[in-house]
Amino acid sequence: MTSTGTSSGIATGITTGPGPVAPPLRAKRRRAALRTAAFMSPWLIGFAVFFAYPLLSTVYFSFTKYDGFRPPVFNGLDNWTYVFTDYPLFWPAMRNTLWLVVVMVACRVVFGLGVGLLITKIKTAAGVFRTLFYLPYLAPPVAATLAFVFLLNPGTGPVNTLLEAVGLPAPGWFTDADWSKPALTVLAVWGVGDLMVIFMAALLDVPKEQYEAAELDGAGAWARFRHITLPNISPIILFAVVTGVIQAMQYYTQPLVAGKVAAGVIGGSGQQFEPGYPDKSTLTLPQVVYNVGFQRFDYGTACVVALVLFALSMACTALLMRRRGGLIGAGD
Amino acid sequence: MAQLTHTKAAAAPRDPGAAAGTAGPDRAGGADRRALLHWIGVHALGVAAALFFVLPFVFLFLTSLMSDQQALTRDLVPDTWEWGNYAKVWNTPGFLTWWRNTLLYAGLGTLLTVVSSVPVAYALAKFRFRGRRLSLLLVIAMMMLPPQVVVIPMYLFWAKQLDLSGTLWPLIIPMAFGDAFSIFLLRQFLLTIPDEYLDAAKVDGCGEVRTLLRVVLPMAKPGIAAVALFQFFCAWNDYFGPQIYASDNPAAWTLSYGLESFKGAHHTNWNLTMAATVLVMAPVIVLFFFAQKAFVEGVTLTGVKG
């Protein structure tokens, strides 16, 4: 550990300055380094044991045939070619992810912005409205998913009952491969409270004078939104989109539970089931990792899919950090 | 300014009356009427949105109070209000165990997370050392890492080497080593504490540990509250973790994990399943009402401040 705890000004003075460093100063630097290491130590251990080591292991396993019982056997790129060419669950999961990225993320951002905008305009009982809008975001995912499988139950669910009552078509939702992802989108849009709060804060930060000036110029509501609101909050929209994309790639609990419950799988202990019901339409990459690894005990192949998930997540994270230097921001 | 002229041009054909009305004699009356219409429009939209957000809760609550037979029909309102459904769910074998496990996982996990993450966040926010920026980048990378990426080596580590599968310890122990999201969020919060306070404490002879405990912690309470809440909710909601480590042992299940098996075991009883769902949602929502401000501040902190 060569880190210095002293301020950078003193540190450069030391390194470029002539002659040996005075002993008290060196002792001070060592103490500062030790102090830093001590404060950082929980995370340093956590980083090594729960991030670096398993990530390297995952890379290693991806080049082996491994079932967890017999020792891993090196098999080159076999797992990789299998995943990309023959493995029947990989590309459906990728296609579903693309659908979620395009449709679900867009719906959530547009709806979140709309509700955020609405809440800044509401003057009466604003606190009550805000709480009601926010509440669904807090519903535990398993509970919310169960609730929506019930609400969107094609035969007797309240939603289809209401749709039929007003003469609209009543889709099969979670039991129909064409409607299962829209059903998940409805569930995701219901829990849009996090985006609402973020957009609300951003909207309140837009300088009032800009609106006043535009109003004096006779700008209508849409023109004000288009030319003042949008440019001001565009960094937040980008943040919402990129984090939404990351969440879509990691989407796990809701599609898994919805698929299992709609298919009538008896939940609980390690029972085999075909993921992605109906017809692989709710399959996502994390579910594929679980299926290959923990149901088929093909750890090598599971690690390949895990690394694809890792690469996609990190690419989006890099995008987020490059566009918003602010994420690390102040102090650096 | 270019933007404003542009705005004007775009607005002119759309709403010519607005500009003319400004000069007219009945300006005040028109403005009032428009303000009233605006108020009605906004609040009507608000009520519509509120219905969308609230009706699912209402339907599932009403269904949880139906009789077994009625829950299979299209009825929306119970004929007889079966409050006993909640007693049935509560007395289901295992339900109380799931509660205890969830409280242990969420409670102990949250405590460990806060204790281990605060010093790391403090160092990242206030110490100057080589590798600080890199550490921060790695914290963010860990924060964005889906748990499925490293789950196979981690499972082998906990199950084969430490023989801890069938328990929740593989989920609780890692929280003693800092949680990336909590570290990041706390660091963002600690950045907002002016250095002058820390310098003053040092002038008074406080070491770093004393400064952290006496000066920083009291000022960081809102940030710590937000982190604790997030971590508690995260553990409460976790499905993947218990699925990996505890699925073989129902005595170690949590509410979120057990709830799905409850549906499996009572697959024709939507009323009981909805009652169980309400019982899993309720504590989170009650907690939210007690800590609303801290929670909303936390959400804002993740997205906006930087």
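The following questions and answers go through a predicted model of two chains, A and B.

Modeller: Residues are numbered from 1 along each chain as its sequence is written, and chains are lettered from A and ligands numbered from 1 in the order in which they are written. In this predicted model local features need pLDDT of at least 70 and side-chain atom pairs count only at pLDDT 80 or more, while totals for chains, interfaces and linings use all residues.

Colleague: How many helices and strands are there in chain B?

Modeller: Helices (H or I, at least four residues) and strands (E, at least two) are DSSP runs, numbered from the N terminus. By that count chain B has 16 helices and zero strands.

Colleague: Where does UniProt place the domain "ABC transmembrane type-1" in chain B?

Modeller: UniProt positions are given in the numbering used here, feature names are shortened, and annotations may be inferred rather than shown by experiment. The stretch in question is 75% helix and 0% strand, with its end C-alpha atoms 21 Å apart. The unreviewed UniProt entry puts this domain at residues 99–291 of chain B.

Colleague: Which helix of chain B gives the most to the side that touches chain A?

Modeller: Two residues are in contact if their C-beta atoms, placed from the backbone, lie within 7 Å. The contact takes 94 residues from chain B and 100 residues from chain A. With 13 residues, the helix that gives the most on the chain B side is α3 (residues 27–64).

Colleague: How many residues of α9(B) are buried?

Modeller: A residue is buried if 20 or more other C-beta atoms lie within 10 Å of its own, exposed if 12 or fewer, and partly exposed in between, with C-beta atoms placed from the backbone. The buried residues of α9(B) include B:Ile183, B:Phe184, B:Arg187 and B:Gln188. The helix is mostly covered, and the count is 10 of its 12 residues.

Colleague: What distance separates the end C-alpha atoms of helix α9 (residues 180–191) of chain B?

Modeller: The expected span of a helix is 1.5 Å times one less than its number of residues. For the 12 residues of α9 of chain B that should give 16 Å, which agrees with the modelled distance of 17 Å.

Colleague: Which residues touch the most other members of the largest nonpolar core?

Modeller: A nonpolar core is a set of buried Ala, Val, Leu, Ile, Met, Phe, Trp, Tyr and Cys residues joined through C-beta atoms within 7 Å. The largest such core has 157 residues, and those touching the most other members are A:Met196, A:Val289, A:Val305 and A:Ala306.

Colleague: What distance separates the centres of domain 1 and domain 2 of chain A?

Modeller: Domain bounds come from an automatic or database domain assignment. For chain A the assignment gives domain 1 (8–61) and domain 2 (88–327). Taken over C-alpha atoms, their centres are separated by 40 Å.

Colleague: Is A:Trp173 buried or exposed?

Modeller: A:Trp173 lies in the loop between α7 (158–165) and α8 (180–190) of chain A. This residue has a positive phi of about 45° although it is not a glycine. With 23 C-beta neighbours inside 10 Å, A:Trp173 counts as buried.

Colleague: How many other C-beta atoms lie within 10 Å of A:Ala125?

Modeller: A:Ala125 sits in the loop between α4 (90–121) and α5 (126–138) of chain A. Its phi is positive, about 55°, although it is not a glycine. A:Ala125 is partly exposed, and the number of other C-beta atoms is 13.

Colleague: What is omega for the cis peptide bond that joins A:Tyr277 and A:Pro278?

Modeller: A:Pro278 is in the loop between α12 (253–263) and α13 (285–295) of chain A. For the cis bond joining A:Tyr277 to A:Pro278, omega is about -5°.
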